[in-house]
Amino acid sequence: MPPMPTQPTLPFGDLPEPPPAAGPEPTPTPVPPPRRPPHGRTPLWSRLLGGVLAPWISLKLQPADGPQLDGRPVCYVLEDYGLSNALILDRACREAGLPSPLRPLPGDPLGRKRAYVALSRRNAGSTLERAASIATNKPPVPVKSHSDSLARLLQAHRADPGLDVQLVPVSIFVGRSPDKQSGWFSVLFSENWALVGRFRRLLAILLNGRDTQVQFAAPVSVRNLVDEADAEGIGAERTVRKISRVLRTHFHRIREAVIGPDLSTRRLLIDKVLASDQVREAIADQQRRDKRAGKRGDDAWKKAHEFAYEIAADYSHPVVRSVSFLLTSVWNRIYRGVLVHHLDLVKQAAPGHEVVYVPCHRSHMDYLLLSYLLYTRGIVPPHIVAGINLDLPVIGTLLRKGGAFYIRRSIRGSALYSAVLGEYVAQLVAGGYSLEYFIEGGRSRTGRLLQPKGGMLSMTVRAFLRQPTRPVLFQPVYIGYEKLMEGGSYLDELSGKPKESESILGLLLGIPKVLRSNYGQVVVNFGEPIPLSAMLAEHAPQWDGTPLPDEDRPDWLSATVDATAQKIQVHINRAADVNPVNLLALALLSTPKHAMGEADLLAQIALSKTLLTEVPYGERVTVTPHTPEQIVAHGQEIGLLSRTTHPLGDIIGVVDGEQAVLLSYFRNNVLHLFTSAGWIASCFQHNRRMPRRMVLRLGQLMYPFLQAELFLPWTQDEFAERLDRTIDVFVREGLLDIVDGSGASEEDGGILARNSGQSDEVFRLRAIGHALQQAFERYYIAISVLAKNGPGTLGAGQLESLCHLAAQRLSLLYAPAAPEFFDKSLFRGFIQKLKELGLVWPDENSKLVFDERLTTWARDAKIILGRELRHTIEKISPEALPEG
C-alpha cells in the first residue's frame, strides 16, 4: 500500500488548544502502560452486526495507535451518518484501545445513548423528501446546516461548567489503495466524493472492505471552544455553525489528500469558463468579426463552447484506479524497476500550495509514469497538458479521464481559443488543482533539455496574479530512461524523415513489440521546488500583491516568466540521474569505432564515477551504485553492447551504428554534469602544457555559452572554482601533472601537463573531453562564418542557416558527429548569447556587426582546437550569396 499523506491538523483557526493541567507536572514514566478498551459491553445489535461485518472488513488506522487521549470523555465526529460507519468506527476504536462510540458519554449530553455525532445524513433534506412534503401539504423538510447532536453537546457544556468532552474527528475510506484490490469491478465501488446510498455502500464494503482506512485527527476540547465563543460574544447558533464549518473543511482536506480533489464537475467548470468576463468579451469580439463576415451571431458562442469541451479534462477516479492496475503489470513487464528519489521532500513542501509539476520531456511514457507514481504514493494526480495530437479514439478519452486536457500546438490567430484556454487554466489554478506540463513544448530528440517555451508558464503566472490567494510552487522533475520506446522514430526524424503522426492503429501495432522488450530501469528524481513568490520578489519587486486584471501586461511579466523557465531547466538538470547507459555512452562514443578494450572501458567508467563523487554537481543528483563490471554486464543484458573475445583482452562495443546514434541521446542526458571535466580535458586535446591560470581564465570566457546551452547553475567565478577542484582530481588520478615551467609565475598557478604519447592517462583524458569538444567546434564555425563575411553582411537568420550548412559539411568531411552537432537551435542560442554579451549587435538594417573584441575572443577560444580542424572550418565556412 502506498504511504499515506501526513495527517493534517484539524484547522480550528485561532481557537485555542487545551490548556496544560494546573499543579505540578506528573513524573514521567519511561514506558507508558498500554491502553485497554474500556470495560462494559456495547449494545447487542452492534455486536451481532459487527460479527456479520467482520469477515469483510480489514482496517488500517492512521495513526496506528489512535489519537493521544488524556482521560477526559471522548465524542467522535463522522462526516456523515451510516450504520456501516458506526460499526467500522466501533471496531477501529476497539483495535486502538479507545472508548467505544456506541456507549453513551457520562450523563448522555447527546441524548442519543452513544458517543459520536455526524455532520450530515445521506438523505437529509433531499429533493425527493421536499417534493413529497409539498405533495402531501406537509411542512417542508428543513435543510440542516449542522448536527442537532453537536448543538446539544455545546449546550450541555454551557449548562455544566465542569463538563469537558474531547472531539475527535474520524475519516473513514472504504477502498482507496489500488495495489490491494483483487479485481477491476471493485474499482467502480471505491471511495469517491459522491454521497452514496445504502446499497452502493454495501457493495463497496463487500468488494473493497478489506482495504478500509480510518484516520483519527487530534482531539480538541469542546470546553475551550465554548469558552472562546462566549468570550467573543458569539451566540449558540453561530457557534454550532462555525464549528460545523471548520469540521467540514477538515473532512474535505482529508478526503482531498487521500482520494484527490472533487474533479467530477467538468460541466460546471466549463460553464464558469464560458461565463467569465474575459471569455464573454472574446465571444463579443468574435461576433463582431463574424457579423462583418456575414456569419450568424451565435456561431461565436458555439465555437467557444466547442473549444472548452475540446480542452477540458474529465477526471474519473474509477478510471484512474483501473488504469493503475493495468500500468502496474505493464511497468513490471517492460521495466526492471522504477526508482523514485526525493518525493518525501515534495510532500513536505507541497501542502498549502498550487503545485505545478514541470518534468523534462523524453518520451510519451512521461505522462503516464509521473501520474502513476504520484497516485500510488498517495498524492493526487495532476491535470496534464497534452498536445491535441494525442486525442485519439479511445486513448484520448482514457487520458482525458486520467486528468489530461488538450491544447493545440499553436494558438496564434485565434483570440477566442486563447481566451478559453487561458480562463480554463486560471480556473484550475484558482481551484487548487495541481498541474503538469512540459515547458520544452515537445519531446527532446537529442537527449538535451530544449530551450523552454513560456506559453503555459505565462498562463499560470497570470492566473496567479489575477487571483493571488494560493501560492504557486513549480516542481521540476527529471525522468531518466535506459532505453526509449520511441528510439526508432527518433532515429528516423534525426536522419531527416518527417515526424509520423500519432494514430490508434500505429499504437495498437506497436503494443506487442513494447511488451516483448526490456527497457531497463527508470529513475524519477524530484528537483528543488521553485516558489513563484520568490521569482516575483526577485524580478517584480514593484508588485505589491494586489490582484492584476487579466488584460494588464506589466513590463516585468515577460522577464519573470523567462527567468522562471530558465530556472526550472536548471533545477531539472540539478536533479539528474546517472544510470549505467549514460556512463557507457560517455565512454564508448569517445572512440572512432565506439568500442574499447574491456579494461579501458572499466577504467573510464570508474573515472566518471570518481568525478561525480569528488566534485558533486548538486545534492539531488543520483548516481548508479553499480560497479563498472556490473554496468557492462547490464549493457549486454538490455542489448546495447556486444562482446568480442580476443586473446589480448575482450573488446566491448556498441552492437550497431543505430545504437551508437541512440547512445548519443543518453550521453547528452548527463553531459552537463561533466562540463568542468570536459573543458579541462579539451584544453589538453591539442596542447600538452598550459598554465593553470589560463585554463581557468579561458574556462570563464567560454562559460556563458556553455551555461546557456546546458542550463548550468553557477556564476563565472563559481565555475572557475569548480574547475580548480576538478584539476585537483585530475592530478590525483594521474591524468595531469604539475610541472616546473620556465617563464611561469606564481600568478599562473603552475604549469599543467599531460603525458606524452598514447598512454592510458592520455586515452582517458581524450575520452572525457570528446563530448564537449563538438560544442567548441560549433562555436568556432559561427565565428568563422561571421569573420569570413565581415560585419554588416549577415542577419541572425542568415548566420544560423550558414552555420547549419557548414556543420553538416564538416561532419561529412572530417568525422561523423552526433545529430545535434548541426542543430539550428544550438546555433541560434549561441548567436543570441553573442548579442547578450555585446560581441555582436544588429545595425539599422538588422545585419550583425562586430569589432576587434570578437576577434580577441576567437583568438583565445581557438587555442583548444587543433590546427587541422581550424583550417578545415575556415575553409568550408560559406559566404552569403549576394542579394538580388
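Does His342 count as buried or exposed, and at what relative accessibility? In this predicted model, His342 counts as buried because its relative accessibility is 18%, and buried here means under 20%. The residue sits in the loop between β7 (338-341) and α12 (343-349). Its backbone is worth a look too: phi of His342 is near 70°, a positive value in a residue other than glycine.

Val394 makes a handy partner for that description. Phi of Val394 is also near 70°, again positive in a residue that isn't glycine. This residue is found in the loop between β9 (383-387) and α14 (395-401). On the question of cover, Val394 has 59% relative accessibility and so counts as exposed. The bond from Gln62 to Pro63 is a cis one, with omega near -10°. Pro63 belongs to the loop between β1 (59-62) and β2 (74-78).

Stepping back to the whole chain, the secondary structure comes to 32 helices and 24 strands. The chain has 884 residues, and buried ones make up 51% of them. Its accessible surface comes to about 40,600 Å², with 55% of that belonging to carbon and sulfur atoms. What about contacts across the sequence? Taking those between residues at least 6 apart, 79% join residues at least 24 apart.

Then there is the inside. In soluble globular proteins, nonpolar side chains tend to be buried together. Here the largest nonpolar core has 187 residues, and the members touching the most others are Phe405, Tyr437, Phe474, Trp679, Phe730, Ile781 and Trp857. Helix α28 (residues 760-789) gives the most to this core, putting in 14 residues. A second, separate core has 27 residues, among them Leu61, Leu78, Cys93 and Ala96.

Leaving aside neighbours within four places in sequence, its contacts include Val356, Val358, Tyr437, Leu457 and Thr460. Pro529, Ile530, Leu532, Thr564 and Ile568 are in contact with Phe474 as well.

Thr560 lies in helix α20 (residues 555-573). With 0% relative accessibility, Thr560 counts as buried. Setting aside neighbours within four places in sequence, Thr560 is in contact with Met535, Leu536, His539 and Ala540.

Leu752, in strand β22 (residues 751-753), is buried too, with a relative accessible area of 1%. Its C-alpha atom is separated by 5.7 Å from that of Asp737, a residue 15 places away along the chain. Asp737 is also one of the residues that Leu752 touches, once those up to four places away in sequence are not counted. Others include Phe684, Arg688, Arg689, Met690, Arg692 and Val695, along with Ile727, Leu736 and Ile738.

Finally, a pair of helices. The axes of α26 (residues 692-710) and α30 (residues 824-836) come within 10 Å and cross at roughly 135°. That angle makes α26 oblique to α30. From the α26 side, the contact is made by Pro704, Phe705, Ala708 and Glu709. Leu826, Phe830, Lys833 and Leu834 make it from the α30 side. As for handedness, the crossing of α26 and α30 is right-handed.

Note on methods
Residues are numbered from 1 along each chain as its sequence is written. This is a predicted model: local features need pLDDT of at least 70, side-chain atom pairs count only at pLDDT 80 or more; totals for chains, interfaces and linings use all residues. Side-chain values use heavy atoms; hydrogens and water are left out. Helices (H or I, at least four residues) and strands (E, at least two) are DSSP runs, numbered from the N terminus. Buried means under 20% relative accessible area, exposed over 50%, partly exposed in between (1.4 Å probe, protein chains only). Contact means heavy atoms within 4.5 Å. Accessible areas come from the Shrake-Rupley method with a 1.4 Å probe; for residues, only the protein chains shown count as cover. A nonpolar core is a set of buried Ala, Val, Leu, Ile, Met, Phe, Trp, Tyr and Cys residues joined through side-chain atoms within 4.5 Å. Axes are lines fitted to C-alpha atoms, for helices over the stretch in contact, and angles run from 0 to 180 degrees between N-to-C directions. Angles under 35 degrees count as roughly parallel, over 145 as roughly antiparallel, 65 to 115 as roughly perpendicular and the rest as oblique. A crossing is left-handed if the near helix is turned anticlockwise from the far one by less than a right angle, and right-handed if clockwise.
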